[in-house]
Structure formats: structure tokens, C-alpha cells
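Biologist: Let us go through this model together. I will ask, and you answer briefly.

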Amino acid sequence: MQYSTRRKLRPEDARRSNLALVLQAIYNDPQLSRADIARTTGLTKVTVSDLVAELISGNLVRETGTSGVSRPGKPSTILGFNASGRDILAMDLSAPDQFRGAVLSLKGEPILTRVRPLDGAVGQDALAAARDLAADLKKSAKNPVLGLAVGTPGTVNSTGTVLSAPNLHWHDLPLQRLLAEDLGVPVRVENDANLAVLAERRFAGGPDNLLRVQLSRGVGAGLLVGGALVQGVASDAGEIGHVVIDETGALCSCGKSGCLETWISVPALTARLAATPAERDALLAEAGHRLGLALAPVVGMLGLQNVVVGGPAKLVEGPFLEAARTCVTERTKSEFRPELELAPSSLGEDAVLLGAAALLLLRELGVA
């Protein structure tokens with residue numbers, strides 16, 4: 001006899017889903033009344049009133065005034081999202097020389113930032129720096145903490161274990177568990193590029209189908225298809241930095257030779273430019289072309305139109321991006337395909353931190 005492994009929907013699951021539905025409506029539109037929310041969500045007015053009362057009690061929603069619409073009867077009460085109802089702790093471990101952290105509001109607004117210089121630290125020393133930074137952020141929070149989200153280079157599985165981050169010398173590191181034990185709050189650990197693409201959608205108005213390349217200590221990519229993060233069966237979707245694009249190229253930290261990362265990571269590209277500064281534009285164009293070689297099959301296979309590249313503006317903007325765009329366009333063009341939109345990120349160095357906020361909003365509050 002076979003039994004279904006599906007878990008039955010419990011009443012508390014339905015209520016949690018409806019709470020998230022109402023909260024997202026208020027998060028996205030600050031001018032809604034209870035009646036507006038009932039019409040928008042399809043829930044009954046009684047259910048909406050009950051859920052709103054719970055959200056107000058939890059300090060996530062507040063009444064902000066009355067509608068200015070002139071109509072018979074009592075004016076409608078307008079509801080607003082309380083961005084200061086919780087603090088979000090965020091960490092970005094992707095930079096070559098430092099770890100960055102921030103306390104953010106629920107709208108992604110920075111309350112404070114912290115930096116920990118690494119001075120070449122890897123392995124246990126880098127882990128100690130990350131744990132110290134996390135503790136500092138929690139201590140600095142002024143409101144109840146929603147949780148901590150961490151963006152790290154490397155391959156991260158569904159439990160927040162860093163399976164491999166060669167540049168930090170981390171292997172099978174249960175970072176999420178360690179930080180949760182340290183802080184006593186919900187913790188999420190995710191690949192830095194995955195967080196960055198979530199930030200593009202939530203805070204930069206990016207589309208539901210989007211590829212974002214992250215140039216930092218290494219090279220990674222985050223991919224959204226239909227608004228959902230693509231993570232792959234081995235949790236390594238987007239690891240384009242370790243795709244070989246030059247079999248005769250330099251040895252990579254992963255053990256292979258000629259990986260994309262050996263060409264376009266920030267340390268690698270900076271070193272090339274320092275060695276031959278007179279050839280700056282040519283070197284940047286060559287690096288951009290190599291990125292295009294890695295991206296073209298992905299863009300062609302998935303039919304993507306939007307690609308965003310994050311990294312230092314002095315490296316990304318100009319010859320690098322132009323060469324990447326030309327390469328991808330030439331290799332994927334057809335009479336049916338719309339023009340490729342390949343652009344620099346507008347989020348600057350805060351993309352991973354904002355992505356941490358987006359991840360916690362999704363996982364802890366259900367706000368997508």
C-alpha cells in the first residue's frame with residue numbers, strides 16, 4: 001500500500017497565506033482601505049478586518065488617516081505599512097577585502113552600516129569576522145529583529161551551508177546554523193548573486209524574467225524565471241564564474257584552468273589593468289567579450305531579454321558592457337527575438353544588502 005507524502009493544508013497555513021496576501025497588498029499600495037483590500041484580494045470584509053487587526057497588533061500595519069473621497073457614510077480608514085515595525089539585519093560577504101553589514105527598515109532603507117576589513121583573512125579567521133559583524137548588527141538594532149540574511153560567494157545549499165566558497169577557503173561550512181545559534185533570530189544564508197537579483201526585482205523594478213551578473217571577489221549570476229529564483233538541483237545555478245571559457249587560461253581557485261572568474265572577477269580584472277594601464281579599454285573590452293561568451297547560451301536557451309551587471313562602475317560601465325552586449329547580441333539574434341537590454345545595475349554596492357531584505361520579507365512575512 002502506498003501513502004501520499006503530501007502534507008494536508010491546515011487552517012493555520014491558510015491563515016498565514018491570507019496574512020501574507022493582505023500584508024503584501026498594503027506594502028505595495030499605501031492608500032488602501034479594508035474594503036479596497038477585500039476587493040483586491042477576494043477575501044471577505046470580515047476576514048480582512050480580522051487579519052488587519054492582527055497585523056496592527058503585530059506593529060506591521062497602522063492606520064494612517066481617512067480617505068479624501070466624498071461619499072455618503074463614514075469615510076474609509078487608510079492603512080499603511082509600518083516600515084519601522086521590525087529591523088532587518090543584512091550582511092554582504094562578497095567584496096574582495098571586507099565584509100559589509102547593515103541594519104535596514106522593512107522598506108530596505110538603511111538605518112546604519114558596518115564594515116569589517118578582512119586584511120587577507122580566510123577560513124576560520126573570515127568566519128570569526130562574519131560572526132563578529134553579525135553580533136554587532138544585532139546589538140545595534142533598535143526595533144524587534146525580523147531576522148538576518150547573509151549573501152556569501154560560493155555554492156550554498158537549502159539549509160544555508162556553504163558547500164564551497166574557494167576564495168574564502170570555506171567548505172561545508174554550516175554558516176546559517178552557526179549564526180542562528182549566535183543570535184537567536186531567524187537566519188537565512190544565500191549566494192550573493194541570488195540575493196542581488198532579488199533586490200533588482202523588489203527595489204529596482206526589475207522584471208520577473210531577469211539575469212543579474214555579480215562581479216566582486218568572484219563572479220556569479222542570479223536568475224529569476226517567472227519571478228522565482230532558479231537554484232538548480234545542486235544549489236549551484238548561476239555559478240558562471242567557474243565555467244571554463246579559455247582552456248589554456250590561468251589556474252582558478254576552484255582547481256580548473258581558464259574559468260571566467262580568472263578574467264572578470266574584480267581582483268583579476270584590477271590586476272590586469274594595473275599591469276598594462278595603457279591598454280585599459282582593450283582589456284575591458286576583451287573581458288566583456290568573454291562574459292558575453294558565457295552569457296550567450298543562457299540568453300539564447302531561456303529567451304531572456306533583460307540582463308543586469310553589478311560591480312564597480314569604473315570596470316563595468318563603458319567598453320566592458322558594450323563588448324558583452326555586442327557578443328551576446330551577435331550570437332543570439334534572430335528575427336523573432338526582441339533587442340537585448342544589458343545594463344549596469346542601479347543599486348550600486350548595496351545590491352546584496354537590499355537582496356537580503358528582499359529575502360527576509362519573502363521568507364518571514366510572505367511579501368514577494
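Biologist: What is the strand order of the open sheet of three strands?
Modeller: This is a predicted model, where local features need pLDDT of at least 70, side-chain atom pairs count only at pLDDT 80 or more, and totals for chains, interfaces and linings use all residues. Residues are numbered from 1 along each chain as its sequence is written, and side-chain values use heavy atoms, with hydrogens and water left out. Strands (E, at least two residues) and helices (H or I, at least four) are DSSP runs numbered from the N terminus, and two strands pair if DSSP finds at least two bridges between them. The pairing in this sheet is antiparallel, and the order is β1-β3-β2.

Biologist: Which strands stand at the edges of that sheet?
Modeller: An edge strand here has a single partner strand, so one side of it is left without a neighbour in the sheet. That describes β1 (32–33) and β2 (61–66).

Biologist: How far apart are the end C-alpha atoms of helix α3?
Modeller: The expected span is 1.5 Å times one less than the number of residues. For the 13 residues of α3 (residues 45–57) that should give 18 Å. The model agrees, with the end atoms separated by 18 Å.

Biologist: Within what arc do the buried residues of α3 fall?
Modeller: Buried means under 20% relative accessible area, exposed over 50% and partly exposed in between (1.4 Å probe, protein chains only). In α3, Val-48, Leu-51, Val-52 and Leu-55 are buried. An α-helix has 3.6 residues a turn, so residues three or four places apart point the same way. Taking directions from the helix axis to the C-beta atoms, the buried residues line one face, because they fall within an arc of 105°.

Biologist: Which exposed residues does the opposite face of α3 carry?
Modeller: This face is turned away from the buried side of α3. Its exposed residues are Val-46 and Ser-57.

Biologist: How many residues of strand β15 are buried?
Modeller: Both faces of β15 are covered. Asn-306, Val-308 and Gly-310 are on one side, with Val-307 and Val-309 on the other. The strand (residues 306–310) is largely enclosed by the rest of the structure, because its buried residues number five of the five.

Biologist: What is the bridge partner of Val-213 in β15?
Modeller: β12 and β15 pair in the parallel sense over four bridges. In β15, the partner of Val-213 is Val-309.

Biologist: And what is the bridge partner of Val-308 in β16?
Modeller: β15 and β16 (residues 341–344) also pair in the parallel sense, over four bridges. In β16, Val-308 is partnered by Ala-343.

Biologist: Is Gly-311 buried or partly exposed?
Modeller: Gly-311 is in the loop between β15 and α10 (313–316). Its relative accessibility is 39%, so the class is partly exposed.

Biologist: Is Leu-210 buried or exposed?
Modeller: Leu-210 lies in strand β12. Its relative accessibility is 1%, so Leu-210 counts as buried.
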